[in-house]
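User: I have a chain open in the viewer. I want to learn to read its features one at a time. Can you take me through it?

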Amino acid sequence: MTDTVVVAERKPSWFAGFWRWFRYDLRGALSMSFLVALIVISILGPWISPYSPTMQDLDAALSPMTAQHWLGADDLGRDTLSRLIYGGMASLYASFLAVAIAVAIGVPIGVLAGYLGGWVDEVISRVVDSFLSFPAIVLAIAVTGALGIGLTNGMISVGIVFAPQLARLVRARTLVVRNELYVDAARCFGVSTGRILWRHVLPNAIQPVIVQVTLLLAAALLAEASLSFLGLGIQPPDPSWGAMLARAYQNMEIAPEQMYPPGLAILFTALAFNTLGESMRVALDPTMKRR
């Protein structure tokens with residue numbers, strides 16, 4: 001009698017599936033390449049920038065593109081290209097800081113609300129709904145006013161505003177995961193709640209957060225630009241794209257071309273984040289079609 005050996009086929013992980021799909025997604029690859037190049041340029045800013053971002057040359061104030069100033073100069077004679085490079089560093093730092101704070105606050109709250117349920121879920125859900133009932137930028141301005149004006153405080157406020165969105169997303173996913181058989185088996189074996197949350201629930205509830213984080217990076221970039229435009233973000237003379245846009249807006253009638261470099265930088269970076277998020281959404285969930 002011949003014994004039959006059954007070999008179980010290993011199901012590929014979602015991470016491996018994502019990268020296999022991503023190799024053939026031109027829009028996703030271009031978006032990621034653009035963002036990686038932007039991050040590298042921002043990090044190398046002190047070495048590749050032609051001028052200091054705060055150096056003034058009043059003779060070149062509001063000058064158009066020249067051999068000395070490739071993108072012109074602002075009303076104080078500061079090189080626009082140099083400030084654009086340094087401003088990219090500040091804007092990207094602000095975006096990643098805000099999203100990191102949102103993840104640190106929103107993900108644990110969402111996991112606890114979804115897994116524990118009962119009065120814990122009820123209280124957390126009511127608090128989250130209260131935050132989501134306010135317009136995001138208005139709430140960010142209010143929190144910034146309470147914490148104080150500045151780039152870091154502004155991004156902390158943006159992170160606090162974004163946290164309820166992640167909490168609601170993670171809670172919904174956790175409600176599904178907590179009823180899976182492997183979670184029930186862990187409970188039967190007497191595994192502690194903390195270990196179940198860390199080893200079983202969180203890894204399986206985090207997948208939609210990866211996509212949402214990419215989309216929130218674009219929203220955080222726009223929020224930083226809005227706060228800096230209103231004077232609540234980074235303070236002069238430090239550059240950021242939003243602050244540059246606000247400065248160029250004051251001289252729009254005299255030198256309208258000064259609005260294009262920071263405006264286009266914000267536009268293309270936000271578009272790259274959104275496109276990458278859309279690519280990741282389809283890659284991680286093949287049942288969803290691209291829009």
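User: Start with charges. Which residue forms a salt bridge with Arg-83, and how far apart are the closest N and O atoms?

Analyst: One caution before the answer: this is a predicted model. For a salt bridge, look for a side-chain nitrogen of Lys or Arg within 4 Å of a carboxyl oxygen of Asp or Glu. Here the partner of Arg-83 is Asp-74, with the closest N and O atoms 3.9 Å apart.

User: Is Arg-83 buried or exposed? And what about Asp-74?

Analyst: Under 20% means buried. Arg-83 has 6% relative accessibility, so Arg-83 counts as buried. Asp-74 has a relative accessible area of 8% and is buried too.

User: How many salt bridges are there in total?

Analyst: The count comes to seven salt bridges. One of them joins the side chains of Arg-247 and Asp-75, at 3.1 Å from N to O.

User: Which parts does the pair of Arg-247 and Asp-75 tie together?

Analyst: Check where each partner sits. Arg-247 lies in helix 11, residues 241-250. Asp-75 lies in the loop between helix 3 and helix 4. The pair therefore ties together parts that are 172 residues apart in sequence. Arg-247 has 28% relative accessibility, so Arg-247 counts as partly exposed.

User: What does Asp-129 form a salt bridge with?

Analyst: Asp-129 pairs with Arg-168, and their closest N and O atoms are 2.3 Å apart. This pair also links distant parts of the chain. Asp-129 is in helix 5 (residues 118-132) and Arg-168 is in helix 7 (residues 151-177), 39 residues apart. For accessibility, Asp-129 has 26% and is partly exposed. Arg-168 has 46% and is partly exposed as well.

User: Which residues are linked with Asp-129 and Arg-168 in a network of salt bridges?

Analyst: Follow shared partners from one bridge to the next. The network links Glu-122 and Arg-126 with Asp-129 and Arg-168.

User: Now the overall fold. How many helices and how many strands are there?

Analyst: Begin with the secondary structure. The chain has twelve helices and zero strands. Buried residues make up 43% of the 291 residues. Take the contacts in the chain with a separation of 6 or more: 69% of them are between residues 24 or more positions apart. The accessible surface comes to about 16,000 Å², and 67% of that belongs to carbon and sulfur atoms.

User: At what angle do the axes of helix 4 and helix 9 cross?

Analyst: Read the distance and the angle together. The axes of helix 4 and helix 9 (residues 193-205) come within 12 Å and cross at roughly 110°. An angle of 65 to 115 degrees counts as roughly perpendicular. Helix 4 and helix 9 are therefore roughly perpendicular to each other.

User: Which residues meet between helix 4 and helix 9?

Analyst: List the contacts from each side. Helix 4 gives Val-107, Val-111, Leu-112 and Tyr-115. Helix 9 gives Thr-193, Ile-196, Leu-197, Val-201 and Leu-202.

User: What does Leu-112 touch, not counting residues up to four places away in sequence?

Analyst: Setting those neighbours aside, Leu-112 touches Gly-117, Val-120 and Leu-197. Leu-112 has a relative accessible area of 36%, so Leu-112 is partly exposed. Sequence and space can also be compared by C-alpha positions. Leu-112 and Ala-167 are 55 residues apart in sequence and 9.4 Å apart in space, C-alpha to C-alpha. Thr-193 and Leu-116 are 77 residues apart in sequence, with C-alpha atoms 9.4 Å apart.

User: Last, the surface. Which residues form a nonpolar patch there?

Analyst: The patch holds Val-36, Ile-39, Val-40, Ile-41, Ile-43, Leu-44, Trp-47, Ile-48 and Phe-96, with about 850 Å² of accessible area together. Helix 2 (26-43) and helix 3 (45-48) are the elements that give two or more residues. Helix 2 gives the most, with five residues.

User: Where does Phe-96 lie?

Analyst: Phe-96 lies in helix 4, residues 80-116. Phe-96 has 39% relative accessibility, so Phe-96 counts as partly exposed.

Technical notes
Residues numbered from 1 in each chain as written. Predicted model: local features only at pLDDT ≥ 70, side-chain atom pairs only at ≥ 80, totals over all residues. Heavy atoms only, no water. Patch = residues over 30% accessible without salt bridge, like charges linked within 9 Å, V, L, I, M, F, W, Y side chains within 5 Å. Areas by Shrake-Rupley, 256 points an atom, 1.4 Å probe, with all protein chains shown as cover. Helix = DSSP H or I, 4+ residues; strand = E, 2+ residues; numbered from the N terminus. Buried < 20%, exposed > 50% of the residue type's maximum accessible area, 1.4 Å probe, protein only. Axes fitted to C-alpha atoms, helices over the stretch in contact; angles between N-to-C directions. Parallel < 35°, antiparallel > 145°, perpendicular 65-115°, else oblique. Contact = heavy atoms within 4.5 Å.
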